[in-house]
Amino acid sequence: MSRRPPAAEPIPALITTSAALAALCERLRAETFVTVDTEFMRERTYWPELCVVQLGGEHETAVVDALAPDLDLAPLGVLLADPKVVKVFHAARQDVEIFLLKFDAVPTPLFDTQVAAMVAGFGDQVSYDQLCRSLADAQIDKAHRFSDWAARPLSASQIIYAAGDVTHLRRIYVALSERLAREGRLEWVAEEMAVLNRPETYRADPATAWERLKPRTTNRRFLGLLRAAAAWRELEAQRINIPRQRLVKDETLLELAATGPDTPADLARARGISEGFAKGRSGLGLIAAMREAKALPDSAMPEAPKDRGGPSPSPALVALLKVLLAAKSEEHNVAPKLLANADDLDRLATELDPDLPAMRGWRREVFGEAALALKAGRLAVGVEGRRIKLIAAG
């Protein structure tokens, strides 16, 4: 992504040597915060290929050519791990995944301006473009949004474009921090950061990969074969570093779970599987995984995700909870998605006091207690003028 820096900003430095990177990171470790962004390529690989790292301190901005020959990124890892410097990202997940792969650690402490903006009332998943306009008085230059960041040399316009991400982010972070501090919501943001600080957030578990395919069956033998095939695909895609769908498509995995191929000839009959693939290392590995799964007893097979039992939620009650959610979101100027999602509302409609994020911490204070009161008849919903009014029942 790219943004055009203000006229007063100097052309950002392009870092291509280990010595220059070490010096930059040492200077940035004296800052209270540093803004961070990345440019990477992933269209043809399983693992993201880091191409560029953008870093912004209070007084300087730099673009690191992560593909420069013999560049040692270790000083960057030290900076990202420094507990005295806040690392500021926007929509941090993909960037953090890259750094976790590079340095085996999540940058800490971490501040995500997209999450913070949701807490500050900018709506669900507010875009960087919106925050630039609202908080940094900047317009985004989209000229290099789809650049090939692996091509070298980087052009001057690419460097300026990339640096703009962290230049504007600096002002956005300051504005959001000041606003949230005034409103006493920095602790709310800290709660949200807890998920982003956990390494397991970014690491796919091959054993549960089958669940993403959402199979519409309760047949445990089928689910066992699907689990084996999906786990094999995850590990094999990682091994040869290609996107999982390019290795074997989802629909093919479902077909294989139904047919349970025992030989390369059986495997080659599946859609999207060539004879060469079936007879090669990948195909033989897939067949072996399927055979191993078929040898398991029924008790070792996975069960379909259980429904919660009991009656279906009342559509009218769910609709009423949605109105309450919208009213509380409006009252507290916080994104509805942060308070509760559709599944949360279904569970609130059917369970007495479900164990949900909406029923813990600041969310319970803002929305959860009111939802329980509404269900218990202690709270009513009315209209006053053009706004929803909550009425305490006698």
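Contact here means heavy atoms within 4.5 Å. The model shown in these close-ups is predicted.

**View 1. Arginine 363 and the residues around it.** Let's start with a single side chain: arginine 363 is part of helix α17, which covers residues 361–375. Its relative accessibility is 11%, so arginine 363 counts as buried, the cut-off being under 20%. Leaving aside residues up to four places away in sequence, arginine 363 touches Glu192, Leu338, Leu339, Pro357, Ala358 and Gly368.

**View 2. Helices α8 and α13 pack against each other.** Two packed helices are described by the angle between their axes and the distance between the axes. For α8 (residues 220–240) and α13 (residues 281–294), the angle is about 150° and the axes are 9 Å apart. An angle over 145 degrees counts as roughly antiparallel, and α8 and α13 are therefore roughly antiparallel to each other. Their crossing is right-handed. On the α8 side, the contact is made by Arg221, Gly224, Leu225, Ala228, Ala229, Trp232, Glu236 and Arg239. From α13 come Arg281, Ser282, Gly285, Leu286, Ala289, Met290, Ala293 and Lys294.

**View 3. An open sheet of six strands.** The strands follow the order β1-β4-β3-β2-β5-β6, with mixed pairing. β1 (13–15) and β6 (110–112) stand at the edges and have a single partner strand each, so one side of each is left without a neighbour in the sheet. From one strand to the next, the twist averages 30°. Within this sheet, β3 (residues 49–56) and β4 (residues 61–65) pair in the antiparallel sense over five bridges, and valine 53 stands opposite valine 64 in β4.

View 4. The structure holds eight aromatic pairs. In one of them, the ring centres of phenylalanine 89 and phenylalanine 99 are 6.3 Å apart and the planes are at 55°, so the pair is tilted. Phenylalanine 89 lies in strand β5 (residues 86–89) and phenylalanine 99 in helix α3 (residues 93–103), so the pair ties together parts that are 10 residues apart in sequence. Both phenylalanine 89 and phenylalanine 99 are buried. Elsewhere, Phe33, Phe111 and Tyr173 form one aromatic cluster.

Note on methods
Residues are numbered from 1 along each chain as its sequence is written. This is a predicted model: local features need pLDDT of at least 70, side-chain atom pairs count only at pLDDT 80 or more; totals for chains, interfaces and linings use all residues. Side-chain values use heavy atoms; hydrogens and water are left out. Rings of Phe, Tyr and Trp (its six-membered ring) pair if their centres lie within 6.5 Å; planes under 30 degrees apart count as stacked, over 60 as edge-to-face and the rest as tilted. Helices (H or I, at least four residues) and strands (E, at least two) are DSSP runs, numbered from the N terminus. Buried means under 20% relative accessible area, exposed over 50%, partly exposed in between (1.4 Å probe, protein chains only). Axes are lines fitted to C-alpha atoms, for helices over the stretch in contact, and angles run from 0 to 180 degrees between N-to-C directions. Angles under 35 degrees count as roughly parallel, over 145 as roughly antiparallel, 65 to 115 as roughly perpendicular and the rest as oblique. A crossing is left-handed if the near helix is turned anticlockwise from the far one by less than a right angle, and right-handed if clockwise. Two strands pair if DSSP finds at least two bridges between them.
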